[in-house]
Amino acid sequence: MTKSAAPKRHLPTSPFRAPVIPTPKHFVVGDQVTHDVHGLGRVIGLEDGIAALVDFGSEQRRILSPYTKMTKL
């Protein structure tokens with residue numbers, strides 16, 4: 001069985017709460033960040049809403065949006 005690509009609808013009359021949609025994270029050049037896999041880094045470039053280029057010291061990585069493993073310090 002495969003998942004449908006269409007998002008599930010939430011009816012206003014439903015007794016169940018609507019799913020919480022996380023707000024997208026926004027970074028600016030110069031922000032210090034931490035990544036679950038790569039560690040501490042600094043944002044050195046941005047592709048509007050697509051990716052962030054982060055310098056982790058030993059390497060530079062392009063982290064794709066929605067940045068689930070990266071947080072701003």
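Start by selecting H35 and H38: a polar atom of the H35 side chain sits 3.3 Å from the backbone nitrogen of H38. That is a polar contact (N or O atoms within 3.5 Å, one able to donate a hydrogen and the other to accept it; residues adjacent in sequence count only through side-chain atoms on both sides). Bear in mind that this is a predicted model, where local features need pLDDT of at least 70 and side-chain atom pairs pLDDT 80 or more, while totals for chains, interfaces and linings use all residues. Numbering runs from 1 along each chain as its sequence is written, and side-chain values use heavy atoms, without hydrogens or water.

Stay on H35, which is buried at 9% relative accessible area (buried means under 20%, with a 1.4 Å probe and protein chains only). H35 belongs to strand β1, residues 32-35 (strands are DSSP runs of E, at least two residues, numbered from the N terminus).

Now show the whole sheet. Its 5 strands form an open, antiparallel arrangement in the order β4-β3-β2-β1-β5 (pairing takes at least two DSSP bridges). Colour the edges next: β4 (60-64) and β5 (70-72) each pair on one side only. Then zoom in on β3 (51-55), which joins β4 through 5 bridges; here D55 stands opposite Q60.

Finally, select K25, H26, D48, G49 and Y67, which lie nearest the centre of the largest pocket, among its 12 lining residues. A pocket here is an open set of 1 Å grid points where a 1.4 Å probe fits, with protein on both sides within 12 Å along at least five of seven lines; lining residues have an atom within 4 Å of a point.

Note on methods:
Helix = DSSP H or I, 4+ residues; strand = E, 2+ residues; numbered from the N terminus. Buried < 20%, exposed > 50% of the residue type's maximum accessible area, 1.4 Å probe, protein only.
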